[in-house]
Structure formats: structure tokens, C-alpha cells
Amino acid sequence: MKFATFHSWRNPMIEFRADLHCHTTCSDGSATPQEVVKSALEIGLQGLSITDHDTIEAYEVLANDNINIDLKLLSGIEFSTIHKGSSVHVLAYAFNLKNKEINNLCRTLKANRIVRMEEMIHLLKKQGIIIDEKELFENKNTIGRPHLAEVLVKQKYAKSVQDVFNQFLGDGKSCFVPSNSMSTEETIETIKRAKGFAIIAHPHIVKNQNTLSDILNMDFDGIEAYYARFSSQHEKIWIEVAKKRDWIMTGGSDYHGKIKPNNALGCSWVDAETFNHLHARYEENMKVDNE
Ligand code: AMP
Ligand code: ZN
Ligand code: FE
Ligand code: FE
């Protein structure tokens, strides 16, 4: 059996690695922001961006904690957006964490997620599946489908989170409700007004070719060319796309902890050149405190 060579393993001599895509308990990851930073340090990452779904609360959690963050942090978020009815995940980096528009948008998206969750619970009920709502909403920050899937598994309605997605909650399945998000284009504009970078997340997940072709023509700054366990052949496609458009090529693991055990933190990353380019803008943006 021939093993593919992965970006993360291609050159073990490279000293600087920054994972630009990971989730914490502030969205649907299973590790707290502090635990993610600790793990990042343990595996020798020097740069990190936490990109929770529709929330930047992890940065607040870290700022209020006294832990030693001995690596460079870059502001980040993964927005769920909608383009012509299809879901498109958009990564944003380097914006000022106090930016009012970004913070307001996060508040709206968080509230929308609760409404959407209630709609999915209603659809499950119609199929005779009654879930423990207290358990679902308890200690949740920004709620998402994986949380609902976990409760269904716990209540023995399915064997695994993946089974729940395959049967009920995956896009287009019987109890799926699309997120009430902002359009992809409006999201890009918001990110740009915050002087951040707008990046297409995990482009391989965009299965609809019309959607893919549309978003590749939008005003993005870059694309996630290095992702989790992409093979080098796979990366090549997105590297070509980026080169043609003079886009930044970002990369990350999409670490979720126990929820997605195959995506280990740091299994995909960017080098110092890419990270410093993003981080320089972040430092510049953070100097302005009246955003
Ligand atoms: P949400 O933000 O509530 O739409 O949930 C999105 C998250 O659900 C993604 O980040 C994935 O972790 C997970 N997810 C979405 N679709 C699937 C699927 N078909 N199989 C497994 N996990 C999925
Ligand atoms: Zn997620
Ligand atoms: Fe995503
Ligand atoms: Fe993600």
C-alpha cells in the first residue's frame, strides 16, 4: 500500500507551523480554548488561529485567563454563510476582536442558531424522537448540529454522531434545517470592512459545482488549500486555483477534539511566511481600539 504524502509530514525539518483552523467548546469542539492552546504548545505549534463557528468568544475566554500563551495567536472565525440555498463556510482572519460589526453579527448568528435548533428538534419530534432539551442547551455557547447529534447518540437513537448526520441532520436529510445565515457575499463585505482576510474554507466540501464556480469568482482573499488529511494531489487543485487568482493559501486541521477524532490538531498548517502576512495585519488592526 502506498501512503500519500501529507502537507504536515512533507518536511519535518520546518520549524514554524501554525494551525489556522480549529474549534473549541465555544462552538462544537470538545476541548476548551485553554486546552487547545496547551495542546498546540505540546505539539510544537508556534502559531494558532481558533476559528469557532460564528463566535469569537474563545479569545475572550483566553484573555480573561492567566495562562501562558507562548505562541502567536491570530484572530479567526468560521462563518456559516448561504449562497443560493447552499451552505458555504467562510474563514475570516486578522480582524480586530473588538470590531463592532463582527461582534454584532456573532450575536445575531448565535440567536439564529437557537431558533434553528428548535426547528430541528420539532422535525425530530414529528418522527417520534424526543430529545432531552435541557441536556442539549446546558453549558452550550454557540450551539450546532454536532451537539444535537451527541444527545441523540446518548439517548440511543443512533450509534454514532456520523449515523445521526447520515440519517437525520446532514444537509438535505429529513430533520435538517438550513442555517439562517448571511449570504456569502455580504459576509465577505463585512470581513473586508473589518479589514480582515476572507478565505474559502475546505473547498472540497462544496459539492455543488455551480456553488463552487460562483464562490471562486467572489472577492475572497484566499482559499484553504491545506486541510486536515488532504493528499498532495488534492492540495494541488486548490494551489492552482489560488495561484491563478493571486490568493493567499491557508491551512489548518479543523480540529474538533473528540467530535471529529480523525482531525488531529496541527495535522495541517501554514509556514511562517503565510502566518506572518496575516499576523502583521492583525497587529495593525488591533492597534485601533475604536472599531
Ligand atoms: P452547524 O454549524 O450546526 O451547521 O454544524 C456544522 C458542523 O456539523 C460541521 O462543522 C461538521 O462538524 C458537522 N457536520 C456537518 N455535516 C456533516 C456530515 N454530513 N457528517 C458529519 N458531520 C457533519
Ligand atoms: Zn464544527
Ligand atoms: Fe467548516
Ligand atoms: Fe471548521
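Q: Which strands does H11 lie across, and at about what angle does H11 run to S3?
A: H11 lies across S1, S2 and S3, and it runs at about 70° to S3. Contact here means heavy atoms within 4.5 Å. The axes are lines fitted to C-alpha atoms, for helices over the stretch in contact, and angles run from 0 to 180 degrees between N-to-C directions. This is a predicted model, where local features need pLDDT of at least 70, side-chain atom pairs count only at pLDDT 80 or more, and totals for chains, interfaces and linings use all residues. Residues are numbered from 1 along each chain as its sequence is written, chains are lettered from A and ligands numbered from 1 in written order, and side-chain values use heavy atoms, leaving out hydrogens and water.

Q: How many helices and strands are there in the protein chain?
A: The protein chain has 11 helices and 9 strands. Both are DSSP runs, numbered from the N terminus: helices are H or I with at least four residues, strands are E with at least two.

Q: What is the order of the open sheet of 3 strands?
A: The order is S1-S2-S3, and the pairing is parallel. Two strands pair if DSSP finds at least two bridges between them. S1 and strand S2 (residues 47-49) run parallel and are joined by 2 bridges, so they count as a pair. In S2, Gly 47 is the bridge partner of Ala 18.

Q: Why do strand S6 (182-183) and strand S9 (248-252) stand at the edges?
A: Start with the order of their open sheet of 6 strands, which is S6-S4-S5-S7-S8-S9, with mixed pairing. S6 and S9 each have a single partner strand, so one side of each is left without a neighbour in the sheet.

Q: Why is Thr 211 called buried?
A: Its relative accessible area is 5%, and the cut-off is under 20%, so Thr 211 qualifies. Thr 211 sits in helix H9 (residues 209-216). Leaving aside its neighbours within four places in sequence, its contacts are His 83, Ser 86, Val 88 and Val 206.

Q: Which residues are the protein donors of the zinc ion (ligand 2)?
A: They are Asp 28, through two OD entries, His 53 (NE2) and His 256 (NE2), at 2.0 to 2.6 Å from the zinc ion. Their spacing in sequence is D-x24-H-x202-H. Asp 28 is in the loop between strand S1 (18-19) and helix H2 (33-42), and His 256 is in the loop between S9 and helix H11 (272-287), 228 residues apart. Both Asp 28 and His 256 are buried. The zinc ion (ligand 2) and the iron ion (ligand 3) are 5.9 Å apart.

Q: What radius of gyration does the protein chain have, and what would a compact globule have?
A: The chain has 19 Å, and a compact globule of 291 residues would have a value near 19 Å, so the two agree. The radius is taken over C-alpha atoms, and the globule rule is 2.2 Å times the number of residues to the power 0.38. Buried residues make up 53% of the 291 residues.

Notes
Buried < 20%, exposed > 50% of the residue type's maximum accessible area, 1.4 Å probe, protein only. Donors = N, O, S within 2.8 Å, 3.2 Å for Na, K, Ca; no water.
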